[in-house]
Amino acid sequence: MPLRRLEYKWLVGITFVLALVMQILDMTILNVALATLGEQFDVGAGTLQWVLTSYMISLAVFIPSSGWFSDRFGSKRTFQFAVLMFTTASVICGAAPGIKTLIAARFLQGIGGGMLVPVGQAMLFRAFPAQERAKASAILAIPITAAPALGPLLGGALIETASWRWIFFINVPVGALALLCSILFLVEERGRKPARFDFPGFLLAGCGLATLLFGLDRAAELGWANPIVWGCLIAATLLISGLVWRELGAADPMLDLRLLGNRIFGTGNLLLLCQTGSMFGVLFLVPLYLQDLRSTSALLAGLVLMPQALSMLLVTQLVSRVYGRIGPRRLIAGGFVVLLVSTGTFQFVDLSSSLWSLVGSLVLLGCAMGMLMTPLQTAAFAQTTGAYMGQATSLFNVSRQVATALATAVVASALVMFTDSAMSGVTPTDPQAVAQARMAGFHGAFLVPVVFGVLGLVLTARVRDADAVATLDREATTASRSSTVG
């Protein structure tokens, strides 16, 4: 069917998926190219870390303000600016003559990436009626699950067969196609038009979130006792406290924190933190286990992780079809139960475990993520009107970024703590004893995703199908209303 004959909501989905694939591929491809970049520019790990950190800080600054820009200038224009900025910065990254240029270009990429996701998500959720939001979440699952699985494989292939520069140049055709689709198919939309730019809110939100993410990133590497980490976390606490005070008292806030007072939206943000924290905790540990303890190649580690993404994608599509009849509460509760089972199985992984058993645990994890993603996102935005959608998606993506950074920091710290504890009293010259102690460290760290899962299951008690009634099928809506009245 020609694109022009497709319904508008599907055109929005196609455009957003293209842009999201570009952004997620860029993030996952770069992870496997860091060693090559270090050799190319002859820099150490400290300097190289800023290739990632500059992007992260830029995201932190512009995600909170993306809703305001979308409301002020229109979602189509803001989305096009984000795609154009990301694509142009990718060209600069690929052509960078030195590490300083690359770091600066990565910051520019973060400006585009920070606006692209929340603005695109807001357009998608506006385009789909409330009862079809589960389909919109299923669309989002395609790039979110497929791109991380393909990224490391594609990155390795580009580095080996072409050049490191192509890990950035690969974004150009995808970005150009996304930009073309946005020009041809998107219509301009605005939320409630803000009166003026809340500059104090912009500074507090951007600086507070950037400082928090930087502190968590340093905690993963330096440990929680490091004075840099403590300084960042204290500063972030003060800045974010100032942000809350400012935004709750502002007539026209940069980031409308009042939206978190809505029961289903506030709970959805907390559940997102638990889901994301658990998943990224496992995905951080498994490659380390495979490559450090089992001495597998990066390629094999990527292949072991791929079935998890495929199972998540499949289950997400199935859940989107039954969500309207079952409702979010039971699906989310079931998802966290499966999550606890899957994360619990990692306690039985040892130095000689079959890789197929590991794949089985990861496939189960993917099923849990698939059960959670659609009902969680659909229910969270059930009571959000189009006028507030840009602000809501900004807050939702802030939660996602914080959860990712928090999970990485806590899991990395737990791995060091449990490994050091297990290593005490072990003879360093005994390789078998050292390996067993390190395995014990991984077992301790794998408890962190379990804790996130337990918190998520407890919070599920706050989810009520009646709060998400607008997103359910008519039959389910009637039944929910009857049970509420009764």
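**Figure 1. Surroundings of Thr-374 in the predicted model.** Apart from neighbours within four places in sequence, Thr-374 is in contact with Ala-134, Ser-137, Ala-138, Thr-316, Val-319 and Ser-320. The structure shown is a predicted model. Thr-374 belongs to helix H14, which comprises residues 355-380. Because its relative accessibility is 0%, Thr-374 counts as buried; the cut-off for a buried residue is under 20%.

**Figure 2. The second largest pocket and its lining.** This pocket has a volume of about 460 Å³. It is lined by 19 residues, of which Leu-260, Leu-395, Val-398, Ser-399 and Val-402 are the closest to its centre. At least two lining residues are supplied by each of helix H9 (199-222), helix H10 (227-249), helix H11 (263-293) and helix H15 (389-423). Helix H15 provides the largest share of the lining, with 5 residues. By residue type, the lining of the second largest pocket consists of 16 nonpolar and 3 polar residues, with no charged residues.

**Figure 3. The largest cavity and its lining.** The model holds 1 cavity of 30 Å³ or more. Helices H11 and H14 each contribute at least two of the residues that line the largest cavity. Helix H14 is also the helix in which Thr-374 is placed. Of the residues lining the largest cavity, 8 are nonpolar and 2 are polar, while no charged residue takes part.

Technical notes: Residues are numbered from 1 along each chain as its sequence is written. This is a predicted model: local features need pLDDT of at least 70, side-chain atom pairs count only at pLDDT 80 or more; totals for chains, interfaces and linings use all residues. Side-chain values use heavy atoms; hydrogens and water are left out. Helices (H or I, at least four residues) and strands (E, at least two) are DSSP runs, numbered from the N terminus. Buried means under 20% relative accessible area, exposed over 50%, partly exposed in between (1.4 Å probe, protein chains only). Contact means heavy atoms within 4.5 Å. On a 1 Å grid over the protein atoms alone, a cavity is a set of points where a 1.4 Å probe fits but cannot get out, and a pocket is an open set with protein on both sides within 12 Å along at least five of seven lines; lining residues have an atom within 4 Å of a point. Grid points are joined across faces, edges and corners, and a volume is the space filled by probe spheres set on the points. Ala, Val, Leu, Ile, Met, Phe, Trp, Tyr, Cys and Pro count as nonpolar, Asp, Glu, Lys and Arg as charged, and the others, Gly among them, as polar.
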